Structures are given as C-alpha cells and as structure tokens.
There are 2 protein chains.
Amino acid sequence: VPRVSARAAILVTGTEVLGGRVSDSNGPWLSERLGELGVDVAQITIVGDRPDDMRAALEGSARLALDLVVTSGGLGPTEDDLTARVVGEWSGRAMVLDDALEEQIAEILRPMLSRWPHLSAEAIRASNRKQAVVPEGATILAPVGTAPGLVVTPAEGRAGPTVVVLPGPPRELQALWLAAVETEPFARAVAGRTPYEQRMLRLYGLPESEIAETLCSAADAGVAMDELEITTCLRRGEIEIVTRFAAGDAAAYEAFAAIVRARHGAALFSDDFSLIDDQVAAMLLEKGLSVAVAESCTGGLLAARLTERPGASAYVAGGVVAYSDHVKESIVGVAHELLAQHGAVSAEAALALADGARARFGAEVGIGVTGIAGPGGGSEGKPVGTVWVALRADDGRQIVRRALFPGSRSEVRERTTTLAMHLLRRLLLGEDDGAAV
Amino acid sequence: VPRVSARAAILVTGTEVLGGRVSDSNGPWLSERLGELGVDVAQITIVGDRPDDMRAALEGSARLALDLVVTSGGLGPTEDDLTARVVGEWSGRAMVLDDALEEQIAEILRPMLSRWPHLSAEAIRASNRKQAVVPEGATILAPVGTAPGLVVTPAEGRAGPTVVVLPGPPRELQALWLAAVETEPFARAVAGRTPYEQRMLRLYGLPESEIAETLCSAADAGVAMDELEITTCLRRGEIEIVTRFAAGDAAAYEAFAAIVRARHGAALFSDDFSLIDDQVAAMLLEKGLSVAVAESCTGGLLAARLTERPGASAYVAGGVVAYSDHVKESIVGVAHELLAQHGAVSAEAALALADGARARFGAEVGIGVTGIAGPGGGSEGKPVGTVWVALRADDGRQIVRRALFPGSRSEVRERTTTLAMHLLRRLLLGEDDGAAV
C-alpha cells in the first residue's frame, strides 16, 4: 500500500523477555493499537536491561525514518531500569528531578509502606526518587502503578522521532498508552498518517493453500489487489485473512471479500472480528440454551474455554473430565457394554458422553469428546491425534465428527476444543446431521 | 558479567507477528537455546515481510558487533517470502538454483499433491522451485517441512556475522536449528564463547520487593554479586530468580543461593528448573496417589492444567465443573443446607467440593475450588477475586486457604489454579493443616 503514513517502532526492554523465559505481550498489544490508529509499525525490538544495547537499538532505528518510538519497560525503581535516562540522552535532553512527580509517587507508595511495615521506608523513598528524574521538558503521564510514562520530543534543533516511554507491567502500560495518545506531542508526531481501515475474515475447515489460490483468482478477476495489504495466517486451527487498506479503497476490499464468500462460504464464519467463542456465547445466550460437556482427551480444556467469558454461568451447565472408562460409566452414565464393544475412542462413546453430560447436568446440548492426545496410547487403527467429537441436542439433532490432528499433545488438545466450538456453532445454526433414528 | 562471549541477534519476519495478532514463539525459543550454548543474545527484532525493513534490521544490527544472526520465517513459496534473497544480498552472495534441493522439495510435495488433487501441480512446482534458490556457497539444511534452512557466511573478503536462516513454523524451525548447530560454519561463528551456566530459583507466596531486599543483603554479606547476572521476574504468580554466570564462578552463585534459602526457605520450591506442575505430577506418580477436582470459578482450568502432561491419566481420576448450586448438590453431592448456610464461596463449600470430588471419582485427594472470578458477582464481603481452595486427603489431612487475587477474570482464574497446585504440593509433602476434628 504505497501511501505515506506515520511510521513507528516499538522497543521492549527486559532481560527476562530477551532471554525467552517470559513472552512479551506489550509489543503485540502496542502494535495492534498503532495499527488501529493508522500508524505503520516498522519493527518491534526486544533488548535486555543494558544501556549500550538499548542505545544501539535506538540508533539502529535511525535508518527506518521513524516518526515515533514507543518503549516498554525499564522504568522501575532498581538500578537496571534505565530507559528514561537512555531516551533522555538520545533525545539530547538533560535529566532533572520533577518535584511534583516525586510527591505523587510518594503518595502512591504510602499505603504500600504500611502494608509491608518491615521494609525500609527510607530505602524505598530513595529508589523511587529515581523514578521522578525525567528528561527536561518531557510530557509526564501520571503513574498508574508507581512508574510515570513520558512523551519525549527531540531537543531544540535535533531531528528524530518522538519517544513514548511506558512502564512494563501490561496494566500500567495500557492505561498510560491511552494517556499518551491524548498528548499534544503525540498528535504532532503522527500527524502525517493516512487513516487506514482493517477487516478480518475468519475461516475454518480448509487448507491454507486454498486461500493462496483464491488470492490469485481475485487478482485475475480484476480486483484492485494492489490497494489491499492482505495477510493470512493460521491460528488455533483457523485461517485469518486480515486486510488493511486506505479509507478510500473500501470498494476493492468489498470486491475481494465477495470472492472469498463465493468460494469459501461454508468455511467463512466471521467477517466482523468476532471469534468463534464470541459467536457461540452469543447464540447460546440468545436462544436461552445451556451446554454441558464430558471430555476425555481434552481433560477440562473445553470446559475452561467455554467458561472463559464473563457471564458463562448463564449457558454452561457444567462439565465432567472423564479419563477412565470407570468414570465414563459411573459419573457420565456411559454403558459398560458400549465401551466394551466400540472402545472409548469411537463415535458411539462420544455420543454417549454427549448424552450423559446433557442428562446429568440438565442441559439442552451435550458435547462429548474422546480421543488420543498422545504422545502415548496410539495404535495403527487409532493413531495419536485421533479424536471423536459428538454433540446432541435434547430434540435429538446431532453432529458426530472424527478428526486426525497433527502435532504435540497440547496442539491436539487445543485443535480438538476448536473443532468442538465450530461444531457447536453449526448445531446452533441448524446445520446439523439431523436427528438420529 | 564482563567476559567476552559470542554475541547473536534474532530476526523474526512475519507481517502477522509484527501486527500483533499472532504472538511470536520462535524468538523466545531461539533465545533460550542460544543462552544454553553460552551465546549472548543482544536483541530480538520482529519485522514485516518487506525486504527494505528486513535489510534495515540487518544493517541496524551492525553496531552490535555480532557473531551470529538467526532468522525465522520468510522461506515459504509465496512472493512475500524473501528472507533467503535478502540474506544472500547482505552477505554478498549471488542466488543460485540448487538442483539437488529442488528435487528434494519435489519429493516432499508429491504426497501433498495427491491429497489435494484439484491444486495445480505445475503452479506448486514453480513456486517451490523458488525455495530451492539459495545464496551461493551456503550450507543447506535439508527441509523438514518444505522449506530448507541455510547457514550463510559472509562472502570472501567481507566482514559480518554468520546468518542461520530458518523457516517460521515452530516444528520446522526447531528441527532445523538442531541441524544448524551441528554445521562447521556455526561452530566457527560461536567459537569465541565463554561457557556460561544458568540456574533458576522459583518461589511462591512472597512479594517481589522482598527479593530486591535479599539481593541487597547478599551484596552486604560479601557475596561476589558482580560475577552473577541475576534477573527476577513474576510469572503466573510465582517469582523466578534466574542467575547466569561464567563456569568458573559457581562459588559466588552457591553463596547467593544459600542466602535465598536461609531467608525464603518456605517460599522456595524449585532450584532445578522444575515447574510446580512437574513436581506435583512426579509426587503423585511416586506415591501412587490420584487426585480429583470439583471446580467452580476456574471452570475446568485446574483439570486442564493437571491433565496437560503426558501420562496424566495415571494420577488424575477426574473432575467436575460445578458452576451452579444445583450441580454442586446433584453431581458433587454438596449438601443443600451447607450452601444455604455458608454460601457457595466459603471454606465449607470448598471442603465439601473437595470431599465430593474425592468420593465420586474414588481418588485419594480431592480439591475443591470456589470463588468469584468476575467481572460481575462481587459484593462488599466477597469482592471479585475472592477464592477458596480446599484439599482433603482420604486420611483426613486437609488444607483450606482463602485468597484475594487482583486482575482480570482470566488472571484470577490462572492465579487460582497456581495456588491450588502449590497447596497440592504442600499436602503431598505433609505440610498440611492436620486432620479436621
């Protein structure tokens, strides 16, 4: 998309993040927010708490022609929290103690000091004075935790991007980001941006290569594909097609979306950013139905996913984790003979689990899941990754599906819950296999 | 730690990762592997699938004095997969078609073509020929998926780091990484490294500021703290202290660890990288005990966590998700009068859930969880975040704990499962509250 836009980079600091033991959520979060504002993100860089490496990252970003840098982390009270100082230096600004900010931080710390009375009050005050030393002339964002945020422009006569300095804890970062966006220097830094729009199509149940072919055929059909920045990716077993375009180019997008709809209508389940989880929750609420699950190989993961959303108690009647045949029989009420005849990993067992869950919990819809998550337990006829998911409603309508998922134990478990969510959506839409005879 | 070590940077490409919708796991994974090899990671950079930005990132890394760059992604068959070409250019090497590699890729694609017969075989072959075009003189790592890996050294007479080029899908990346490490150019690139050791202490149940004080007191007590690179971080409600030191400095580490042990012995639960999940699983297996859960606010998350490990069926008897009072009574067997008298969020209810789970599933240990995950449902006496976790063994020994967790619904749910895992460990160690009268 060859349009001029404001360009930003994100700089995440933290030795524990760089070391790989902790995964960074701030970079992705900031990137999504910048994208929504129509700011183009050129890169996300993660460095340790070493001033030289932080400086090198800032200098390295010079060739990216940035308008904005957003930093995360390194604002704490300890010695290795150096971001404010490095950014001040890089922007050509002296560091000064802000008295008002120092008092603000002291105010915030008072209740904490009374809660942990054996901590040295003087040591804490000294270390937090450090947090009140900021680049001269910076716009200060009032702390949400104990660390303030900063918006730092280059000193008089210097070129370079405006730097938004945010603390690392996600809750503080997110609150201070909202404050940063409202400041005047931020508005000036991103003034050149093109308003972009972003849309998403989500599909389930087809190979990613199909989408590649659809992209080609859209171009052949005359859709102005060069006006669209399209990214496809596989996520939790679903395909996401994200399209970004300048606000004036909506027609090209609509033409593209029409082609996807025509070719993959059955697989397309979301065009409004809604997740399968949102859709299932909304449909259950709207229809006043409740669901109960009896799960073997997913071991509680499907129940956990169904109860993830606030208010889930309105439509989740309950669940049973039934690993052993004994539990399947005694708690869920699956017949011993059925398991003996068909085995625990079978269509019959999945349906019996669905029926048992429905009956035991008094739900309108029952879901039964059984399979071999691995790494052990596979056989030639039922290799690792084999799962059966069955749903049956109280009016007898049912869906039963077998799948063979690749990947690790946790991948098989997650893919299985995704399959169950999609089958639940289909049942709720009336796209079931009919009632059993 | 002022010692000379080989230095590396990691370059992750992918518009979907840069955009923040997909979180990158390859950067952290590679960083951990490099750390284990004693290679110092200077930064992780994420860029989109744009050759200019990838080039800028490579050039920006010049001031880091690197020995090694590891790239992830951008090796696929489509037009926007450009990594091999950009790396070749940057290393001063021409791109050439490798016939053997082309044949290898064709071989791999054959079964796929027969599975999706309507795909155009010719189009696929053409796009995959692209994957066989590599920098001249590069060491080729045979594909695990369809993309090969590469180890590319600077062309004759050029300076700069060796580049390891790996595909983006984690399974392929991980397999080809092992192959890359075995190559001669890789060994040469990291030859200057100092062997480092890394240790981890994990603690539960104390504030992070306590650790800051302990670090200070260790220095006061004469521990050679300058020989240790110590990082502390909060993770899933636990504190991790990671220490990295040159192989000769183990004495300093042992002195530091002794001080942590003396001050925080009760909170310290792991000094060998083991997770609480590993410990609980090992103890249950060793003692031949099984556990059953009845969970309200965590809605299956505790069962899912307990069943996450291969072989969990040996020690997880089962679980019930019991949101409503009705289910607590009818399925778990909690007395109606108990819930009426004490409420569903109470020590009594948690113990009754634990007993019910134990009895229904025939387990030796029962765990009951009840609480208010929010965002709704809180009251003055029982605010959002209030949880009760109770455990009772078949010999009557029990632990009952109340907690008040801050954060979102999902944070409360996750913290609650962590608390339950730690209480289970204590019960299994005999650190319980005794038997109820």
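This is a predicted model: local features need pLDDT of at least 70, side-chain atom pairs count only at pLDDT 80 or more; totals for chains, interfaces and linings use all residues.
Start in chain A, with helix α2, residues 26–36. How many of its residues are buried? The count is 9 of 11, so the helix is largely enclosed by the rest of the structure. Among the buried ones are Trp29(A), Leu30(A), Arg33(A) and Leu34(A). Just after α2(A) comes Gly38(A), with a positive phi of about 80°.

Now move to chain B. Here helix α2, residues 26–36, packs with helix α7, residues 170–181. The angle is about 20°, and the axes are 11 Å apart. Angles under 35 degrees count as roughly parallel, so α2(B) is roughly parallel to α7(B). Their crossing is right-handed. Who makes the contact? From α2(B), we have Asn26(B), Trp29(B), Leu30(B), Arg33(B) and Leu34(B). From α7(B), we have Pro170(B), Leu173(B), Gln174(B) and Trp177(B). Look at the spacing of those numbers. In an α-helix, residues three or four places apart point the same way, because there are 3.6 residues a turn. By class, the contact has 6 nonpolar, 2 polar and 1 charged residues.

Last stop: strand β8 of chain B, residues 162–166. Is it covered or open? Mostly covered, with 5 of its 5 residues buried. Thr162(B), Val164(B) and Leu166(B) point one way, while Val163(B) and Val165(B) point the other.

Strand β7(B) runs antiparallel to β8(B), with 3 bridges.

Note on methods: Residues are numbered from 1 along each chain as its sequence is written. Chains are lettered from A and ligands numbered from 1 in the order in which they are written. Side-chain values use heavy atoms; hydrogens and water are left out. Buried means under 20% relative accessible area, exposed over 50%, partly exposed in between (1.4 Å probe, protein chains only). Helices (H or I, at least four residues) and strands (E, at least two) are DSSP runs, numbered from the N terminus. Axes are lines fitted to C-alpha atoms, for helices over the stretch in contact, and angles run from 0 to 180 degrees between N-to-C directions. Angles under 35 degrees count as roughly parallel, over 145 as roughly antiparallel, 65 to 115 as roughly perpendicular and the rest as oblique. A crossing is left-handed if the near helix is turned anticlockwise from the far one by less than a right angle, and right-handed if clockwise. Contact means heavy atoms within 4.5 Å. Ala, Val, Leu, Ile, Met, Phe, Trp, Tyr, Cys and Pro count as nonpolar, Asp, Glu, Lys and Arg as charged, and the others, Gly among them, as polar. Two strands pair if DSSP finds at least two bridges between them.
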